[in-house]
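Reader: I have a structure open and want to go through it with you. Can we start with the backbone and then move to the packing?

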Amino acid sequence: MDWYRAGVIGDVSEVFCFTNRPVWPQGIQWPAQKAPVPGELDWNLWLGTAPYKDYVDNLVPFNWRGWWDYGTGALGDMGCHIVAPAFQVLGLGYPTEAECSVGSVYVGEFKQGYFPDSCPPSSHITLRFKGAPGKPDVKLHWMDGGIQPERPEELGPQEVFGDGDNGTLFIGTKGKMMCGTYGRDPKLLPTTRVETVPQTIARVPGADITGHYNAWLEACMAGYGSEKEKALSSNFTVAGPLTETVLMGNLAIRSYDVRRPRADGKFDYPGRHIKLLWDGANMKITNFDEANQFVRRTYREGWSPGGVGRWSFVTMARG
C-alpha cells in the first residue's frame, strides 16, 4: 500500500490472483454410500442451515470445502488470503461484472460429467470494479486449480512467482509488484528494484501472526466502530465487500452449470459464455435471472435467521 500510494508502480488497472487450490476433491459426484456418524460428532448441529443429508465419509473435518451446501470451493477458501491484497492496495468495492470459464470433468468420450453439488476442479474468473476516485477501473483475474497467469517478463527464469503455489500480481503503468499468500513477502519487479517511500500505513504490533490475533481480540473487546476496530488490517469496510466479491465470483461459477432441458433430451447451458452484470446495491444479477437463485439459500427448518439481508449472502461460506 505504501508503494502504491507513493506512485512507485503508477496506476493499476489489472490484477492476477492465483492458487493451487483445491487440494481436496472437487468436480465429483456426491457419494452414494452413507456411513455411520462418528460418536463424537453431532451431525445435525454440524449441518446447521444446510439441507439434511445422510452422513458420508471424507466430508468432515476438511473436504466440505468442495460442496456448495457447505463451502465455496477454492475461491471461497483462498480468496480472502489472495484477493485481499488487491482490495487493500487499490481500495476496491463491489464488482460490477463477472465472467468465468470452468474446468470440466469428462466421464466418457465427449461425455461431460454433471456434478452441480460439487465445486469445479478449476476456474478462471474475471471481475471488473470501478476504480477508486482518480484511479482507473480495475480488471481482477482469479485462477485456481493450479492455473497461473503468464510469468512477468521482469521475473528471472529461476525466481519464484508469488510464493510458488499462490500469489497476487499487480500490473501498473510504471511497473509491477507481487506478493504471496496473505500478502506476505511483497516484491517490486524486477526483484532487484528497491524503493524507499514514506510509511503511510500503521503496522500491526508484533513480529508474527500473534500480533494480528491480539489486534482482533482487542477490537472485539472495544466493539464495532471503535478505533481498535477501524485500525484492523481487514475491518468490515474491507472484509464485507471482499466477501461479496468472492461470492459474486461463485455466482458466475454456479451459473455455468444452470441447464435447461431440450426436446431432444439434451440440455442447453444459458449461463455459459456470457458476462454477468451485478447490481451490488440491490444484490442481484440484472441480465441472467436464473443466477439469482444462488444469492440466498433456503435455510433448513429450525435454522432460519432472524432477518434476511445483505449478510445472509455474505455468510454463505462456512469458513
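Reader: Where is Pro61?
Author: Pro61 sits in the loop between helix H2 (43-47) and H3. This is a predicted model, and in it the peptide bond from Val60 to Pro61 is cis, with omega near 10 degrees.

Reader: And the bond from Leu189 to Pro190, cis or trans?
Author: The Leu189 to Pro190 bond is cis, with omega near 0 degrees. Pro190 is found in the loop between strand E9 (187-189) and H5.

Reader: What is phi of Tyr182?
Author: Near 65 degrees, which is a positive value in a residue other than glycine. Tyr182 is in the loop between strand E8 (176-179) and E9.

Reader: What about phi of Asp185?
Author: Phi of Asp185 is also positive, near 55 degrees, and Asp185 is not a glycine. Asp185 lies in the loop between E8 and E9.

Reader: Is Asp185 buried or exposed?
Author: Asp185 counts as exposed because its relative accessibility is 52%, and the cut-off for exposed is over 50%.

Reader: Switching to packing. How many residues are in the largest nonpolar core?
Author: The largest nonpolar core has 47 residues, and Val15, Leu90, Leu140 and Phe170 have the most contacts inside it. Elements that each supply at least two of its residues include strand E1 (12-18), helix H4 (84-90), strand E6 (138-144) and helix H7 (236-255).

Reader: Which element gives the most to this core?
Author: H7, with 7 residues.

Reader: What does Leu140 touch?
Author: Leaving out residues up to four places away in sequence, Leu140 touches Val15, Cys17, Val83, Ala86, Leu92, Ile125, Thr126, Leu127 and Phe129. There is also a second, separate core of 12 residues, which includes Trp30, Trp46, Leu47 and Leu59.

Reader: Back to H3. Why is it described as largely enclosed?
Author: Because 8 of the 10 residues of H3 are buried, the rest of the structure largely encloses this helix. Among the buried residues are Leu75, Asp77, Met78 and Ile82.

Reader: What do the buried residues of H3 pack against?
Author: They pack against E1, H4, E5, E6, strand E7 (167-172) and H7.

Reader: Now the surface. Which residues form a nonpolar patch there?
Author: Trp216, Leu217 and Met221 form one, with about 390 Å² of accessible area together. Leu217 belongs to helix H5 (residues 209-222).

Reader: How accessible is Leu217?
Author: Leu217 is partly exposed, at a relative accessible area of 43%.

Conventions: Residues are numbered from 1 along each chain as its sequence is written. This is a predicted model: local features need pLDDT of at least 70, side-chain atom pairs count only at pLDDT 80 or more; totals for chains, interfaces and linings use all residues. Side-chain values use heavy atoms; hydrogens and water are left out. A nonpolar core is a set of buried Ala, Val, Leu, Ile, Met, Phe, Trp, Tyr and Cys residues joined through side-chain atoms within 4.5 Å. Buried means under 20% relative accessible area, exposed over 50%, partly exposed in between (1.4 Å probe, protein chains only). Helices (H or I, at least four residues) and strands (E, at least two) are DSSP runs, numbered from the N terminus. Contact means heavy atoms within 4.5 Å. Patches are made of residues with over 30% relative accessible area and no salt bridge: like charges are joined within 9 Å, nonpolar side chains (Val, Leu, Ile, Met, Phe, Trp, Tyr) within 5 Å. Accessible areas come from the Shrake-Rupley method with a 1.4 Å probe; for residues, only the protein chains shown count as cover. A salt bridge is a side-chain nitrogen of Lys or Arg within 4 Å of a carboxyl oxygen of Asp or Glu.
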